[in-house]
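Take a moment to look over the sequence and the structure shown below, and then follow the text through a few of its side chains.

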Amino acid sequence: MRTLIYFILLTLSSITYAQDKDGVTITVVIENLQNNEGKVSAALYNEATFMKAAPINANEAKPENNKASFTLENVQPGEYGIVSLHDLNENGRMDFEESGMPLEPYGVSGNKMSFGPPSWADAKFEVGTEDMTVHIKM
């Protein structure tokens, strides 16, 4: 009986320890949306994948009260950037004018917007070992 109790305690402590190793949760908050149409998404990238490849992690939410928030879970410590899109027509991609200008609002972590596509230098931020919140302006 004592062995069984010891085994259960050991197993539970291993599970708890393993959950701590899964990474942190990043809460993404976007508060200045133009309307509540469509969906808002956020995609997490590292430097190698930023604007070049599929995101490391992503999530989306329906806006309410011109605001959207959601979480990116199990993010390992390191340097990342987030690109967010308000997909007004819910077609799963950013729409552009013929001139190449975006038709739908977007934002990046760091909240630095300039002409042309977002840059890694402007979007990057550090993820440590504590859960965090990132506010993005569109």
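Rings of Phe, Tyr and Trp (its six-membered ring) pair if their centres lie within 6.5 Å, and planes under 30 degrees apart count as stacked, over 60 as edge-to-face and the rest as tilted. This is a predicted model, in which local features need pLDDT of at least 70 and side-chain atom pairs count only at pLDDT 80 or more, while totals for chains, interfaces and linings use all residues. Residues are numbered from 1 along each chain as its sequence is written, and side-chain values use heavy atoms, with hydrogens and water left out.

The structure holds two aromatic pairs. In one of them, the ring centres of Tyr 45 and Phe 50 lie 5.9 Å apart with their planes at 90°, so this pair is edge-to-face. Tyr 45 has 11% relative accessibility and therefore counts as buried, a term that means under 20% relative accessible area, with exposed over 50% and partly exposed in between (1.4 Å probe, protein chains only). Phe 50, at 5% relative accessibility, counts as buried.

The rings of Phe 50 and Trp 120 have centres 5.6 Å apart and planes at 65°, so they too form an edge-to-face pair. This pair links distant parts of the chain, 70 residues apart, with Phe 50 in the loop between strand S2 (39–45) and strand S3 (57–61) and Trp 120 in helix H2 (residues 120–123); helices (H or I, at least four residues) and strands (E, at least two) are DSSP runs, numbered from the N terminus.

Elsewhere, Met 94 is found in the loop between strand S5 (78–87) and strand S6 (106–108).
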